[in-house]
Amino acid sequence: MNNLSASAVEEIASRHQAVFKRPFVERWRAPFIGLVIIAYLFFAWSLFGIGEAFRNGNWNIAGNYLADWVSYEARPDIEYDGDYLDVEFPRFSPLGKNPDPAWLKKTTEIVEREVVVDAGAGIGTETSTRSKVNSFMVPGAPGTQEGGTDSAASSFMAPGTEKPVEDDNTAPETRTVSESVVTRVEIAVGSAKVEIVPRQVSVDYRGETLLIDVVPEQSVTARAELPEWASQREAGGDILMRFGFSGTVEVESDEVKVRHRFFGWENFWFDTRSPFWGKSFSEVVGLVFSGDRIDPAKSNAALAWNNILYNAEWQHADVWIKLLQTIVMAFVGTLFATILAFPLSFIAARNITPNRLVNQLFKRAFDFLRCVDMLIWALFFTRAFGPGPLAGISAIFFTDTGTLGKLYSEALENIDDRQREGIRSVGAAPVLVQRYGVVPQVLPVFASQSLYFWESNTRSATIIGAVGAGGIGLKLWEAMRTNADWENVAYMVVLILATVFIFDNISNAIRSRLMGRDRSES
Amino acid sequence: MSTAIPSVQRSAEGRLVERHWQEMLFKRRLYTWGGIFGLAVILAASLWFANETNAGKFFDRLPHFFDFIGDLIPRSGAEIWRAMFDLPSPYADGSLKYNYPDGRFYLTENIYVPEYVYKMIETINIALVATLIGFTFGFLLCFLAARNLTTRRWLRFFVRRFMELLRAFPEIVIAGFFLAILSLGPIPAVIAVAIHTIGALGKMFFEVVENADMRPEEGLRASGGNWVERVWFGIVPQVMPNFLSYALLRFKINVRASTIIGAVGGGGIGETLRLSISRGHEAKTLAIIILLFATIVAVDQISAHLRKRLVGNQAFEFGRGG
């Protein structure tokens with residue numbers, strides 16, 4: 001390359017004018033189009049307010065939502081109860097009723113408490129012998145001053161009872177009971193160790209130890225500077241600690257909120273109300289095949305199957321029915337469209353029906369069906385049939401009759417006319433001419449196009465379902481609306497992907513057999 | 001039709017051939033009728049199932065099949081145009097129902113864009129931006145998925161599976177997810193449609209690339225061009241018309257897709273249409289449908305025309321879901 005002299009370069013350039021001296025328009029067309037596109041994208045950026053939307057986006061939540069796809073959270077709250085702690089799980093915890101997980105260790109103590117029994121109203125009030133603090137009243141709260149017998153304090157009691165006050169053990173009737181209370185909770189959230197005792201929380205994470213003092217109902221203060229995994233919005237306010245995927249712990253002035261995340265789909269087979277819940281696979285198998293009947297009305301196998309189908313959290317039966325609806329919608333809609341479009345396309349094809357007016361009429365009808373979108377048909381038929389697969393079938397049927405009719409009539413117009421002539425020359429009736437002269441030529445093409453639309457409709461049936469036309473679309477949409485059931489969304493997505501994959505392959509296999517060539521290559 | 005001419009006397013070989021042919025014919029017919037029978041059984045079962053799980057039963061609701069036409073008859077023909085162009089209506093009774101000028105989108109003091117036209121433009125823009133994004137990423141990915149340009153099998157495999165995933169992932173889930181994060185607006189729709197477009201265009205693109213003429217690439221390889229140079233100067237010029245043509249096809253599809261996504265909460269004309277139908281406002285519904293119909297026909301025609309100019313009369317009407 002470097003050996004070329006200047007004259008040789010000139011000479012090459014003059015020989016290939018078309019390459020080296022292109023017209024101005026041709027030369028700058030591509031960059032100009034590029035510039036226009038970039039300018040347009042800037043316009044779109046401002047039109048849609050993309051920058052602002054992304055800034056205001058809730059990205060923290062996005063991480064949680066994404067994590068919800070494949071994991072679940074256990075959410076115990078540890079409340080300060082005077083000198084003791086209360087561990088509470090939400091009512092519908094994935095861990096079932098009264099959970100006692102291994103990662104949450106409680107240290108309990110037996111204490112004697114004096115229970116104040118009011119004979120009249122039968123309402124008990126507790127006072128502890130270990131502490132002067134009435135467990136109902138929190139120090140610093142209004143109405144708990146020494147000897148405070150004002151009405152604010154008596155609002156704790158039932159009306160008409162005499163109010164027990166600190167250092168005042170002259171309450172009507174007291175009884176001393178022993179009960180076990182939690183004095184200390186240790187929680188392992190991933191690699192973090194959280195230790196909670198009344199008025200103090202200590203956290204060990206990544207080799208750092210954070211000590212937090214809590215003044216109940218008042219303030220939360222860290223003893224040292226906060227490490228980077230902890231944050232506090234204002235002095236004395238709640239401290240939020242993030243432990244990556246494992247979860248978060250938020251220390252508040254009246255409780256500690258723990259969000260401990262676990263990988264997997266919880267209670268996928270049996271929900272917490274099921275007798276099979278929490279049992280290992282072998283235990284369930286053992287029960288199903290040899291155990292005594294749990295429910296005398298039916299066998300264990302039937303009970304287990306029933307529990308799986310009607311799992312409250314995953315709703316397997318409903319999801320499967322909806323998925324089947326989607327499949328049925330695509331199948332029946334495309335099949336009907338094929339059956340109707342087949343004869344109509346013969347009328348619309350110029351070379352088969354030599355009547356221009358009729359041709360045009362049918363072609364415009366196809367265009368109409370096609371261009372009134374599937375969405376519009378879906379919305380109308382949802383009103384006609386009510387929500388459900390019939391609306392979806394009709395919508396797909398109407399749209400695809402148009403599309404397939406157009407494609408079919410185009411294919412018919414491109415056929416080889418000699419075969420028809422041959423059949424006609426031996427004196428066959430018009431119908432037979434079509435049957436033996438036309439159909440064998442176009443049938444593989446027709447079938448292949450229908451299969452293609454079947455496949456594509458399996459996908460689009462999901463989305464028209466969301467406007468009420470039946471199928472899994474609506475279920476997906478409802479699961480997403482709540483923003484709490486992303487694992488159900490993930491489950492349905494997996495099912496949809498599997499369905500699409502299976503039907504793609506079936507349709508591809510049939511198509512490649514019909515067209516006589518191998519289309520598949522990974 | 002009649003299968004043989006029986007009167008002809010055949011030799012032994014001839015009879016063998018005849019018998020063999022008869023057997024094949026029988027087998028073929030068996031398959032055909034068996035297939036049709038199987039299809040009919042599946043169809044009947046499907047129809048039964050669809051009817052059972054539908055909210056209304058088919059035969060009960062059949063008389064209402066054309067009810068929607070009743071939903072499309074406005075109080076007067078002129079109402080449609082008033083609704084479409086946001087002109088004041090004589091039926092205005094102070095409620096929002098006939099207050100068409102309320103939706104006007106003012107560009108300046110006096111010039112306004114009617115509400116539905118504005119929404120339509122928004123939907124077209126969603127489709128356009130999504131197509132541009134999809135084109136860009138599909139373009140970048142397709143060369144990695146083509147057998148003739150990427151020799152590493154694992155890379156090809158990975159890129160193809162990735163594009164398949166993008167294609168098959170339900171758009172509605174992507175839209176719903178971003179709706180949860182970004183709140184209402186057209187952006188979730190753009191992202192959802194764009195992601196699907198990347199997968200769909202990528203697949204079409206790499207099929208084009210695999211059919212490209214490799215001689216320019218070979219020439220560049222001989223003169224020491226690296227991979228990027230070979231692709232950029234050897235392959236891109238010859239596949240570009242096809243790429244653009246596919247992109248135009250996709251744009252046409254995306255206009256429909258963004259309308260549908262709009263109807264499930266992505267903004268644009270789809271949402272307006274759904275609301276109008278559910279509120280039973282005939283004139284508005286009809287105005288939107290006419291607008292939508294006109295737009296789709298126009299986009300179809302423009303895209304078909306441009307494609308014809310780009311690649312001649314190649315018939316690839318195929319492909320909607322892709």
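**Helix packing and chain contact in a predicted two-chain model**

Start with a helix pair inside chain A. The axes of helix 7 (residues 281-290) and helix 8 (residues 300-309) of chain A come within 7 Å, crossing at roughly 135°. That angle makes helix 7 of chain A oblique to helix 8 of chain A. Helix 7 of chain A contributes Val284(A), Leu287(A) and Val288(A) to the contact. They meet Asn300(A), Ala301(A) and Ala304(A) in helix 8 of chain A. By class, this contact has five nonpolar residues, one polar residue and no charged ones.

All of this is read from a predicted model. The model scores ipTM 0.83 and pTM 0.81.

Move on to helix 9 of chain A. Helix 9 of chain A has the highest confidence in its chain, at a mean of 93. Helix 9 packs against helix 14 (residues 430-469) of chain A at an angle of about 150°, and their axes are 8 Å apart. Angles over 145 degrees count as roughly antiparallel. Helix 9 and helix 14 of chain A are therefore roughly antiparallel to each other. Their crossing is right-handed. From helix 9 of chain A, the contact residues include Phe331(A), Thr334(A), Thr338(A), Phe342(A) and Phe346(A). From helix 14 of chain A, they include Phe446(A), Phe453(A), Trp454(A), Asn457(A) and Thr458(A). The contact of helix 9 with helix 14 of chain A has ten nonpolar and ten polar residues, with no charged ones.

Helix 9 of chain A (residues 316-348) also meets chain B. Its axis and that of helix 1 (residues 12-53) of chain B come within 10 Å and cross at roughly 125°. Helix 9 of chain A and helix 1 of chain B are therefore oblique to each other. This crossing is left-handed. On the chain A side lie Ile321(A), Leu324(A), Gln325(A), Val328(A), Phe331(A), Val332(A) and Leu335(A). They meet Leu43(B), Ser46(B), Leu47(B), Phe49(B), Ala50(B) and Thr53(B). Phe331(A) is listed in the contact with helix 1 of chain B and in the contact with helix 14 of chain A.

Now take the contact between the chains as a whole. It takes 59 residues from chain A and 54 residues from chain B. On the chain B side, the largest share comes from helix 7 (residues 171-182) of chain B, with eight residues. The chain B side divides into 33 nonpolar, twelve polar and nine charged residues.

Chain B itself is assigned two domains: domain 1 (14-59) and domain 2 (113-311). Their centres, taken over C-alpha atoms, are separated by 38 Å.

How far can each chain be trusted? Chain B averages a pLDDT of 85, and 94% of its residues score at least 70.

Chain A has a mean pLDDT of 81, and 87% of its residues reach 70 or more. Its lowest confidence falls in helix 6 (residues 151-154) of chain A, at a mean of 38. Over residues 120-168 of chain A the pLDDT stays under 50; the model has 66 contacts beyond four places in sequence for this stretch. Residues 518-522 of chain A are also below 50, with eight contacts beyond near neighbours in sequence.

Technical notes:
Residues numbered from 1 in each chain as written. Chains lettered and ligands numbered in written order. Predicted model: local features only at pLDDT ≥ 70, side-chain atom pairs only at ≥ 80, totals over all residues. Axes fitted to C-alpha atoms, helices over the stretch in contact; angles between N-to-C directions. Helix = DSSP H or I, 4+ residues; strand = E, 2+ residues; numbered from the N terminus. Parallel < 35°, antiparallel > 145°, perpendicular 65-115°, else oblique. Left-handed = near helix turned anticlockwise from the far one by under 90°. Contact = placed C-beta atoms within 7 Å. Nonpolar A, V, L, I, M, F, W, Y, C, P; charged D, E, K, R; others polar. pLDDT = per-residue confidence, 0-100. Domains from an automatic or database assignment.
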